[in-house]
Amino acid sequence: MAKKDRTTDAAERDREKWMARFQVRLAMRPGVDRAVVLQAVKEVTAHCAETGQHPRTAFGDPDTYAERTAARLVPADRAAREERRNAVMGVLASVRRKAGDIAGL
C-alpha cells in the first residue's frame with residue numbers, strides 16, 4: 001500500500017473516531033434526542049465537506065463541541081426538565097439497590 005493511501009486511511013479513521021465520540025457525547029446530554037444528533041452530524045459533515053477541514057480542526061475537542069452544540073440546539077427548559085428526571089431516576093435506582101441489600105434480594 002502506498003504511503004499516501006495509509007495516510008488517507010489514518011485520517012479517515014481519525015475523522016470517524018471524532019464523529020463517533022461527538023455523537024455519543026452529544027446523545028448523552030440532557031434533552032438531546034435523535035433529531036438533534038442527526039441535525040448536528042449533518043452540520044458538521046456539511047461544514048467539513050465544504051471546507052475540507054478535519055472536524056477537530058474546525059470544531060475542536062468532540063466532548064466540548066457536543067456540550068456547546070447541545071446548549072445551542074436544545075431548549076434550556078427541555079434540558080432542565082431532563083436533568084431533573086435523570087436525578088429522580090438516579091435516586092430511585094439508589095433506593096431500590098439499598099432496599100434490595102436490606103431485604104437480601
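In this predicted model, Asp 63 and Arg 25 form a salt bridge, with their closest N and O atoms 3.2 Å apart. The pair links distant parts of the chain. Asp 63 lies in helix 4 and Arg 25 in helix 1, 38 residues apart. Asp 63 is partly exposed, at 24% relative accessible area. Arg 25 is also partly exposed, at 30%. Both residues belong to a network of salt bridges that includes Arg 21.

The count of salt bridges comes to 4. One of them joins Arg 72 to Glu 43, at 2.8 Å from N to O. This pair, too, links distant parts of the chain: Arg 72 is in helix 4, Glu 43 is in helix 2, and 29 residues separate them. Arg 72 is partly exposed, with a relative accessible area of 47%. Glu 43 is partly exposed at 28%.

Another salt bridge pairs Arg 15 with Glu 12, the closest N and O atoms being 3.3 Å apart. These two residues are 3 apart in helix 1, so about one helical turn separates them. Arg 15 has a relative accessible area of 26%, and Glu 12 has one of 35%.

Attention now turns to the nonpolar core. The largest one holds 17 residues. Those with the most contacts inside it include Trp 18, Phe 22, Val 44 and Phe 59. Helix 1 (3-27), helix 2 (34-51) and helix 4 (62-73) each supply at least two residues. Helix 2 gives the most, with 6 residues. Beyond its neighbours within four places in sequence, Phe 59 contacts Trp 18, Val 44, His 47, Cys 48, Tyr 65 and Arg 68.

Methods: Residues numbered from 1 in each chain as written. Predicted model: local features only at pLDDT ≥ 70, side-chain atom pairs only at ≥ 80, totals over all residues. Heavy atoms only, no water. Core = buried A, V, L, I, M, F, W, Y, C linked by side-chain atoms within 4.5 Å. Buried < 20%, exposed > 50% of the residue type's maximum accessible area, 1.4 Å probe, protein only. Helix = DSSP H or I, 4+ residues; strand = E, 2+ residues; numbered from the N terminus. Contact = heavy atoms within 4.5 Å. Salt bridge = Lys/Arg side-chain N within 4 Å of Asp/Glu carboxyl O.
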